[in-house]
Amino acid sequence: MNKRTYKDYASARAAKSDTPKNCLFAFLVGGGICAFAEAIKAGYLALGTEKETAAILVPCTLILLTAILTGLDLFDGIAKHAGAGTLVPITGFANAVVSPAMDSRKEGLVPGLGVRIFSVAGPVILYGTLASVLYGTVYCLCGAGGAI
Amino acid sequence: MTLLLSLLKAFAVGGLLCVIAQLLIDKTALTPARILVSYVVAGVLLTAVGLYGPLVDFAGCGATTPLTGFGYCLAEGVKKAIAEKGPIGILTGGLSGTAGGITAALTAGWLIAMIFPAKPKK
């Protein structure tokens with residue numbers, strides 16, 4: 001059996017992922033997390049927190065909750081069903097920092113945890129920062145307040 | 001009533017951003033890590049061309065909580081730093097705008113890894 005026919009054979013027998021159901025779960029869980037975030041924001045604002053401070057505190061609160069759920073080994077159970085619903089909100093970023101950190105602690109604090117904590121956060125921060133430098137450069141060249 | 005409306009708007013926009021990612025996962029070979037990177041870069045670019053700001057005004061946390069919102073913070077940080085300090089803001093603005101989230105994730109990640117035992121391999 002050559003590679004090509006094996007690939008066809010395997011893909012025909014692979015479990016079909018149920019896209020409509022996945023999308024529904026992603027919508028409900030992802031939307032729910034964002035609505036929850038909005039509710040937390042309203043709570044902080046009601047306590048008299050300044051708007052800019054609340055904008056930082058809300059994602060930090062979600063990150064802390066995700067970190068605890070990941071530590072208690074509860075996050076993966078939710079994420080398995082929610083798919084992109086937990087991946088795309090900041091919860092997915094937080095889980096991608098905490099989970100490899102926990103798994104690699106035994107390999108050491110510097111070569112293990114210290115390196116692996118960035119295994120997903122690293123690329124996200126790298127390419128995000130590069131894009132922001134590109135934007136800043138264009139923004140300056142166009143003259144602040146110019147076309148962009 | 002205004003709170004309920006803002007919750008609904010956050011739910012709808014945040015949910016839709018997740019559905020787009022779910023379709024990308026199901027229909028393409030993009031891995032979750034690539035999706036996260038794409039979302040952050042897309043957030044920077046959409047903010048740069050002036051599309052993401054209005055979405056944040058409309059949906060609040062529905063637009064800032066997904067990873068595109070991380071990109072929005074990077075871009076807004078750069079814009080603000082350039083306005084305040086000039087071109088040096090190109091270098092200082094992005095990470096300043098996202099410092100809270102990055103620091104919270106790293107601190108929480110390190111502490112949790114210290115406190116909780118590693119998951120047994122399944």
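What is the relative accessible area of A:R116, and is this residue buried, exposed or partly exposed? In this predicted model, A:R116 has a relative accessible area of 31% and is partly exposed.

## Overview

Across all chains of the predicted model, there are three salt bridges. They are described below, beginning with the one that involves A:R116.

## A:R116 and A:E107

The side chain of A:R116 meets that of A:E107 in a salt bridge, with a distance of 3.9 Å from N to O. This pair counts as a salt bridge because the nitrogen and the carboxyl oxygen lie within 4 Å.

## A:K41 and A:E38

A second salt bridge joins A:K41 to A:E38, and the closest N and O atoms of this pair are 3.6 Å apart. Both residues belong to helix α2 of chain A, which covers residues 19-46, and because they are three residues apart there, about one helical turn separates them.

The two partners can also be described by their accessibility: A:K41 is partly exposed, with a relative accessible area of 21%, whereas A:E38 is buried, with a relative accessible area of 7%.

## B:K79 and B:E76

In chain B, the side chains of B:K79 and B:E76 form a salt bridge, with 3.5 Å from N to O. Both residues lie in helix α5 of chain B (residues 67-85), where they are three residues apart, or about one turn of the helix.

As for accessibility, B:K79 counts as partly exposed at 28% relative accessibility, and B:E76 likewise counts as partly exposed, at 27%.

How values were computed: Residues numbered from 1 in each chain as written. Chains lettered and ligands numbered in written order. Predicted model: local features only at pLDDT ≥ 70, side-chain atom pairs only at ≥ 80, totals over all residues. Heavy atoms only, no water. Helix = DSSP H or I, 4+ residues; strand = E, 2+ residues; numbered from the N terminus. Buried < 20%, exposed > 50% of the residue type's maximum accessible area, 1.4 Å probe, protein only.
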